[in-house]
Every structure is written in C-alpha cells, then in structure tokens.
Amino acid sequence: MPDLKTEEMVVQMGPQHPATHGVLRLEITTDGEIVRKINPHIGYLHRCFEKHCEELNYHQIIPFVDRCDYLAAMNNEHGYVMAVEKLLDIEIPERVEYIRVIMSELNRIASHLVALGTYGLDIGAITPFLFTFRDREKILDLFEMTSGARLLYNYIWIGGVAFDLPNGFVEKCFEFIDYFLPKLKEYDDLLSYNKIFIKRTAEVAIIPPAVAIEWGITGPNLRASGVDWDLRRDEPYSIYDKFEWDVIVADGRVGVLGDSWSRYYVRVLEMEQSASIVKQALEGLPSDENVKSAVPKKVRPKEGSVFFRSENPRGELGYYIISDGSDIPYRLKMRSPAFCNLSAISDVGEGLLISDLVSLLGSIDIVLGEIDR
Amino acid sequence: MESSEVFKLIESKYPDALKSIDLEGIEQSVTIDVNSIADVCNYLKTESELQFTSLMCLSGVDYEDKMEVVYHLHSLLHDHRVTLKVELSRDNPKLPSVSGVWKAANWHEREAYDMYGIVFDDHPDLRRILLPDDWEGFPLRKDYVVAEKYRGWTIRKIKEGFE
C-alpha cells in the first residue's frame, strides 16, 4: 500500500489526568503509539513561594515550606531550619536533633508509601494503594500525636521543635516499627514481584547514570541508576553519622539498572533503612532536655549567604538564602528536587510507548507543589 | 579540593575572566566576567582534576543596583563544591547560557528568565516556565508592581500594613 502514510498527532496529557499526580500537562507529539516529543508545561500550582519569603520573617516561612512538598513536610522543614541555623551559627540540643531525625525518617517512609501506592494505581493495580495508605495512616497518627496536624506540621522550628514528644510516643513508635517491617514483605508479594507489574516496569524507561547526573537527577532516582550517593552519608548533616544503615543502590536484580522497576524498588528498600534509623534514634533518645532552649526570640542572621542541601524523599532539597542582616531574608531560592527530576523527562521519555511514559512518570515520583512552588 | 584552590586554577587558566574572589563568610565565592562564564563552566566540568559534573543550583538575585546569577557546582567524583557568581547590569541583563554544559541548567535558566527577565544567549528554548506565557513583568525583581488585572480578572491587593 504505497499511498498509506502516518501523521504525527499532538496529544495533551493533563492537566487533569490521573497519572500526572497533580496538575502537570505534557504536550506529547505521538506517532501512533510512540512518543516522539514531550513538552512539559508546569506552573499550574505556582504560589509565589519565593516572593512570599521576601516579605516574611524567618519563623513565618516554616508553614510555607510545608506547603511546597506536602507529602514530606517534615523533611522540608528540617532542611530549611538547618540552612537558617547554619546562617545563625547556633548549637542545637541533642534531643532536638534526635526528634528531628525520627520525624524526618518517619515522613520519608510515609512519602515513599504514597509513591508506591500511587505508582501501583498508575500501572493499574488498585489494591496495593489501599495497603500502603493503611500503613501511612499509622504514621500520620504519630504525627498528629506530636504536632497536632496530619499533613502540614509546622513542627520543626529554628533552634528546636514546637513541642516535646508526648507521653507514650516512644512506645507507640516502637510498636509501629514492629508492625511495619513485616509489611514490606507484603508489598513485595503484592506488587514488587508481581508478574504483570514487572512486565510493565522492568527494562522500561532506562535512565543511564551519566544522563541522570547531567540532568541533575538526585535521590532515589539517582541511586536507581546505580550511583552510590546519599547526602545523609556523604555530607552528613544533623546526627545521621551516629546511626548504622546502608545506602540503597539498585543492582538490577529484575530488569536492568536505571529502569522503572529499579526506581520503584529502591524506595521499598529505603523504607526498611529508614525504619532502622528511627529504631536506633528511639533507642538512643536522650532524656530531659528543654527542646526549646535554643529557639532564638528574634532571628537576625549576619549579612551573608548560605547554600544548604539535605536529602528529601525525592532527592536533594537545597535552600539558597541571602541575608542582609534584617529579620527577613533578602532572597530565598529553593532548589526543588522534583523540578530537576522532571526536567529530564523530555530527554528520557522520547521514543517510549505512551503507556510506558505513564510508567516513567510514576516512577520519578513527582510532587507538583514542590515543582511549581 | 578546597574552594580557594579551585579559584586559583581558574585564575591561572582564565586570568582575565576572574573579577573578584570572596573568601569571607560561610560561603566562599568567585565573580566571573559575563562573557567568559560558559567557557569557565566548560573548563570546570571537563578538567580531570575538577570534574564539576553536577549543577546543584542556579539562581538569579536582584540587588537593586545590579543583577546576579549564582551557580552552585558539585563534583560527585571528587566531592568538592564551588560557587560562581556573575554580575549583570540591571537594564540589560544578558549572559551566555550554560545549558550546553549541563542539561540541568535548561529549566533553571528558564526560571531565572521567568522571574527576573535575565536573558540567556544560546539557550535552546528560552520562554516562561512557571508563569503563563502572556504574563507581564518579572515578579521577583525588587521593584515589581503587581498588575491590576490579568485577562480581565482583578488581582486582589494585599492590605496595607498586613503582616
């Protein structure tokens, strides 16, 4: 049939699409089932975070930081307050550091649980979503117990935390860890080694390590490409150097290094490590210290700037803060990990099938609140 | 390698490009001439001793009398970091793009353009990224005044003295 010709077609995926995890629009040029070109449009959730920061004092920014990455608010707060503390050059009580690490790691588990569950949903498996949310609920209960809030906490303050741990928290948290660790096996049985799931994700959308570094991909996505790099170990901040744990790097046990399955499975294994860190922190928790003793009444850093990054569930979260000596930052830039991770999609996604693009997008684990800020 | 050693290497390789070195404070930085920033970045990335393979952050800053673009670089192999700065005039902020050096710069530069109106020459796709394409003005500039209307919608004013 010599007269038969195919034409490229532009398809808008999003902003209302279940696989875009929020309001992301991908303008896809398709050739039949194959994606030829991707043009991502972001900014639907832009709330002028950085402009707001130039009007608010350092304490008041913390609730705004929560709302950037709403699935890992504790980690965002932790990174922000450490940046400001570095600018102020103050010492933090040890108990506070322990509480912060416990909260951050619990939040990392909660965030990865959402990533796992929704990834299953994207691929077409609805049941794992219910299982992961059942377990995430228990973490949110712990957060509610300590901070009074379930999603946006405003708990970690500059120089301290808002409240000390409530009575019974430590026991409840131990209980949760004992409950949670066997559940990882359940996810493996249910999703990780499911034949259909492997078919949809293994050897799909491979990101080679060089490409990942070039595009600034960080966090679990970078480790899934086989790069052994984790800020918690390699540039230890807070008290991470006190615990024994392993950095999870994908080994390509199913499929190949850097495929969607590796990106998914790095998160499963990371949850186990996080649980282990929480357990060690609970065991070593120093008692009876005032958690607010180092909270400064007025935050007025000296003139200067600082760039500080920490390991978020999604990658390296950086804060670049310029102070002019007043109690309001002159400039605050947030280097959001999901922003950089998503920017690679137009490169990596070319030549995939449309259904594989969904598999890629889900495995990067984006949060649009943080990308658009 | 310490930042100061990296500065020395840049100075010996590009003596004209280096404008000033700041060793005070928490963060040490070096100011590079506008025209040679892409060359310096390329050198920092490819030189085997340095290998700054990742661009951690690229931010625009408005200082009211000048503009600045700040580059935070990191080397995964050697585990060292460096901060570069470029000063620009406020009336015509324009500099060469480094998106040819690191692909990660692509979206960062688009964001700096979107928020500050800084133009990056040779950028493959320089257009607004977070704001709508027909937005007027550059919001993160210090003298930005919020428009009264956008596409016929009234933009709400912040109350006087509201904090």
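**Close-up views of a predicted two-chain model**

**View 1. Overall make-up of chain B.** The secondary structure of chain B comes to three helices and nine strands. The model shown here and in the views below is predicted. Read from the N terminus, the elements of chain B follow the order α-β-β-α-β-β-β-β-α-β-β-β. The C-alpha trace of chain B spans about 55 × 35 × 25 Å along its principal axes. Of the 163 residues in chain B, 37% are buried. Contacts in chain B between residues at least 6 apart in sequence include 44% that join residues at least 24 apart.

**View 2. The hairpin of E3 and E4 in chain B.** Strand E3 (residues 54-62) of chain B pairs with strand E4 (residues 67-74) of chain B in the antiparallel sense, over eight bridges. B:Asp62 is placed opposite B:Met67 in E4(B). Four residues lie between E3(B) and E4(B) in this hairpin, and B:Glu64 in the turn has a positive phi of about 70°. E3(B) is largely enclosed by the rest of the structure, because nine of its nine residues are buried.

**View 3. The side of chain A that touches chain B.** In this contact, 30 residues of chain A meet 25 residues of chain B. On the chain A side, at least two residues each come from helix H1 (49-53), helix H3 (73-88), helix H8 (209-214), strand E6 (304-312), strand E7 (315-323), strand E8 (331-335) and helix H12 (337-343). E6(A) gives the largest share, five residues. By class, the chain A residues that touch chain B are 12 nonpolar, seven polar and 11 charged.

**View 4. Packing of H4 against H5 in chain A.** Helix H4 (residues 94-123) and helix H5 (residues 127-147) of chain A have axes that come within 8 Å and cross at roughly 160°. An angle over 145 degrees counts as roughly antiparallel, and H4(A) and H5(A) are therefore roughly antiparallel to each other. The crossing of H4(A) past H5(A) is left-handed. Residues of H4(A) in the contact include A:Leu106, A:Ile109, A:Leu113 and A:Gly117; among those they meet in H5(A) are A:Phe129, A:Phe133, A:Arg136 and A:Leu140. The contact of H4(A) with H5(A) has 13 nonpolar, four polar and two charged residues.

**View 5. Packing of H4 against H11 in chain A.** The axes of H4(A) and helix H11 (residues 260-284) of chain A come within 9 Å, crossing at roughly 155°. That angle makes H4(A) roughly antiparallel to H11(A). H4(A) and H11(A) have a left-handed crossing. On the H4(A) side, the contact includes A:Tyr98, A:Ile102, A:Glu105 and A:His112; on the H11(A) side, A:Tyr264, A:Met271, A:Val278 and A:Leu282 are among the residues met. This contact of H4(A) with H11(A) divides into 16 nonpolar, three polar and four charged residues. A:Leu106, A:Ile109 and A:Leu116 of H4(A) are listed in the contact with H5(A) and also in the contact with H11(A).

**View 6. The three-stranded sheet of chain A.** The strands of this open sheet of chain A have the order E1-E2-E3, with antiparallel pairing. Strand E1 (9-13) and strand E3 (34-41) of chain A stand at the edges with a single partner strand each, so one side of each lacks a neighbour in the sheet. From one strand to the next the twist averages 25°. E1(A) pairs with strand E2 (residues 25-31) of chain A in the antiparallel sense over five bridges. One bridge joins A:Met13 to its partner A:Leu26 in E2(A).

**View 7. Helix H14 of chain A.** Helix H14 (residues 354-364) of chain A is mostly covered, with eight of its 11 residues buried. The buried residues of H14(A) are A:Leu357, A:Val358, A:Ser359, A:Leu360, A:Leu361, A:Gly362, A:Ser363 and A:Ile364. A:Asp365 follows H14(A) and has a positive phi, near 60°.

**View 8. Surroundings of A:Pro296.** A:Pro296 belongs to the loop between H11 and E6 of chain A. With 17 other C-beta atoms within 10 Å, A:Pro296 is partly exposed. Residues up to four places away in sequence aside, A:Pro296 touches A:Leu88, A:Ile90, A:Ile158 and A:Gly159. A:Ile158 is 138 residues from A:Pro296 in sequence, yet the two are 7.4 Å apart in space, C-alpha to C-alpha.

Definitions and conventions. Residues numbered from 1 in each chain as written. Chains lettered and ligands numbered in written order. Predicted model: local features only at pLDDT ≥ 70, side-chain atom pairs only at ≥ 80, totals over all residues. Buried ≥ 20, exposed ≤ 12 C-beta atoms within 10 Å, placed from the backbone. Axes fitted to C-alpha atoms, helices over the stretch in contact; angles between N-to-C directions. Parallel < 35°, antiparallel > 145°, perpendicular 65-115°, else oblique. Left-handed = near helix turned anticlockwise from the far one by under 90°. Contact = placed C-beta atoms within 7 Å. Nonpolar A, V, L, I, M, F, W, Y, C, P; charged D, E, K, R; others polar. Pairing = 2+ DSSP bridges.
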